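Me: I have a structure open and would like to go through a few details of it. Could you take my questions one at a time?

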Amino acid sequence: MLVVDDEPGICSGVKRILERFTVSYPFMDEDRGFDVYESYTGEEAIGFIQQSPPDIVLLDNKLPGIQGTEVLDYINKNNRDIIVMIITSYASLELAVKATNQGAYDFIPKPFTPQELKSSMENVTKNIFLRSMTKKLNKEGKEVRFQFLSVLSHELKSPLNAVEGYLQIMQERQAGNNLSDYDQVIDRSLQRIKGMRTLIMDLLDLTRIQSDEKDKQYKQVNLKEVAQGAIESINPYAIQKDVTVELHMDKEVEVYGDPNDMEIVMNNLVSNAVKYNYHGGGVDINIDGDMQGVHIQVRDTGIGMKKEDTARLFKEFVRIKNDQTKNITGSGLGLSIVKKVIDLYDGHIDVESEPEKGSTFTVFLPITKYKSETTTS
Amino acid sequence: MVMSDKTTILLADDDVDYLFQMKLHLQQSGYKVITAESQREAEELLQSVQPDLAIFDLMMETEDSGFILCYKTRRKYPEVPIIIATAVASETGVSFGLNTEEEQRWIKADLYLEKGIRKEQMLTEIKKLLKA
Ligand SMILES: Nc1ncnc2c1ncn2[C@@H]1O[C@H](COP(=O)(O)OP(=O)(O)OP(=O)(O)O)[C@@H](O)[C@H]1O
C-alpha cells in the first residue's frame, strides 16, 4: 500500500496503525497484512507506481504539486487494478464523492480514527480478494452467475416482501372488514407478481439462448413474421397507451438463425419502444437486408434517455430510475438478453437517444457466416 | 414523557410498496411520516424539514443514493439518527460497493438493516435510536 500525503504525520500515522493490523475473511486462506510505503507529492507517487504498482493507494486530495485527482487520472489510465482511497477533509466531501465517480474506490474523511482506517482497509482488502476471485471465476466462465445470483435474489425478494406485507395488512384487517377497501392493496400485489413473472420469463429466455447449440433450430427466418408477431403481442398495451406501431419493409428479409432468438430480439426492442413511450407516441420498425446482412431499426418517440445511461443499458438488471420510468415494470434483463443473442450471431446493437425526444435501437446481423456454416448440420 | 408534537420520520425508498407499507406501519405506531420516492425528493424535503429520524433505501437513482443522503443529512442535521435499509442479499457473500458492515460503520449511518426484517424489530430499533 502507498500513502500519498504531504503531511508526514498522516503517513507515519497510517504506517503505525497498519503495522500490526491483519485482515481475516472466511473465504481467504490466510490473514493479510500491509506493507506501507510513503510519498509526499503526487509526482513522487506516480514514480513509485511506475516502479512497483501497489494494491492500494491512499491518496490525499490536496497535494503541493499536482493534485490528487491527477494521480487518480494517471492510475485510471495506467494501473486500473489499483484500488484508490481518497483521504479528504469533511469540507470537501462532495469532491470526494465526485472522485469516487471518477474511479476512486472510496474515501476516508479526515481526521479519521485508527478504527476507521482499519475498517476501511479491512473492507478494501476483502474487495481486492473478491476481485481476484472474480477474475479467477471469470476465466472459468463462472463469474457472471456469482454476481448474477446475488442480484437476482434481491430482485426476487423485493416483490415477495411487498406482497407479503400486503397480505399481512389484509390478514390483520387493517382497513376494516370491507373487501372493497383493499382494492389498491390487491392491485399492487398483482402488479408485483406480474413483475416477478416478467423476471422469470426473462430468466427462461436467458437459459434458452444459452442452451446447447444442438437444441437450436437453425433455419431461414422470415423477419416480417417475427416483427408482426412482436407487434401483435404488444398491441393490447400499445392501444392502451395510444401508441402507433408501424412496420416498414421494402422487400422480404430473411435471416438464418433460430426463430426463438429472433423473437427475443424483436419482442424486447418493440416492447421497450412502446413501454418507454409517451401517450400518443409512435414506433417505427425498419427492416432491410443487403449482401452483408440484416439491419433492424426500432425507433420511438418516447422518453429517451441520457447519454451516460445508454452506456449501461445492455448490462444485466440495469433499469434507469427516474420519475418517468418508476411506474413501468420490468426486470432490467431484456436488453442484456438481446445483446447476448446478437453476440451469438456476431452482430452488433447500437442505441441513439435523446431525453424526451426518443430512442433508436439499431441491430445488425451479418449473413454470410451462417450460410457457410449450415452445411455441417 | 408526553410529547405534544409527534416524532417525525423521513422515509426515502423507490419501492412504492415498501414506502406505503412502512409508512402505514409507522403511522400506526404513532409516528408522523414524510416520504420521498427518490434521492432527489428526499434532498428537497430535507431543505425545509428536520426529521427526528431518517430511513433511507440504499439503491435509488444510483447504487449509493442512500449513502449520499446520509452524508447530506449528517451535514445539515448532525444529530438526526439514520437507518439505511436495503434488500441486497447478504447471504451470497458478495459485497456490493459500499454496503458491508465495516463500510457502514464509517459511513456513519447509525444502523444498517435488511429490509426483510420483521416490522416489530424495525420499531424496536427505531425506538432505541430515538432514545439515544
Ligand atoms: N426505447 C427505450 N426508450 C427509453 N428507455 C429505454 C428504452 N428501452 C430501454 N430503456 C431503458 O433501459 C432499461 C433496460 O431495459 P431492459 O429491456 O433491459 O429492461 P426492462 O424494460 O426494465 O425489463 P424487461 O426486460 O422486463 O422488459 C429500461 O429500464 C429503460 O429505462
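Me: Which side chain does Asp15(B) join through a polar contact of 2.7 Å?
Reply: In this predicted model, the partner is the side chain of Arg192(A), with a polar contact of 2.7 Å between the two.

Me: What else does Asp15(B) touch, leaving out residues up to four places away in sequence?
Reply: Besides Arg192(A), Asp15(B) touches Ser158(A) and Lys115(B). Its side chain also reaches the backbone nitrogen of Asp17(B), at 3.0 Å.

Me: Where in chain B does Asp15(B) lie?
Reply: Asp15(B) lies in the loop between β1 (8-12) and α1 (16-28). Its C-alpha atom is separated by 7.4 Å from that of Glu37(B), 22 residues apart along the chain.

Me: Does Asp15(B) count as buried or exposed, and why?
Reply: Asp15(B) counts as buried because its relative accessibility is 12%, and buried means under 20%.

Me: Changing topic: which residues touch the most other members of the largest nonpolar core?
Reply: They are Leu223(A), Val245(A) and Phe361(A), in a core of 50 residues. Helix α9 (residues 259-275) of chain A gives the largest share of this core, eight residues.

Me: How many residues are in the second, separate core?
Reply: That core has 22 residues, among them Phe21(A), Ile83(A), Met85(A) and Val124(A).

Conventions. Residues numbered from 1 in each chain as written. Chains lettered and ligands numbered in written order. Predicted model: local features only at pLDDT ≥ 70, side-chain atom pairs only at ≥ 80, totals over all residues. Heavy atoms only, no water. Helix = DSSP H or I, 4+ residues; strand = E, 2+ residues; numbered from the N terminus. Buried < 20%, exposed > 50% of the residue type's maximum accessible area, 1.4 Å probe, protein only. Contact = heavy atoms within 4.5 Å. Polar contact = N/O pair within 3.5 Å; in protein donor to acceptor, adjacent residues only side chain to side chain. Core = buried A, V, L, I, M, F, W, Y, C linked by side-chain atoms within 4.5 Å.
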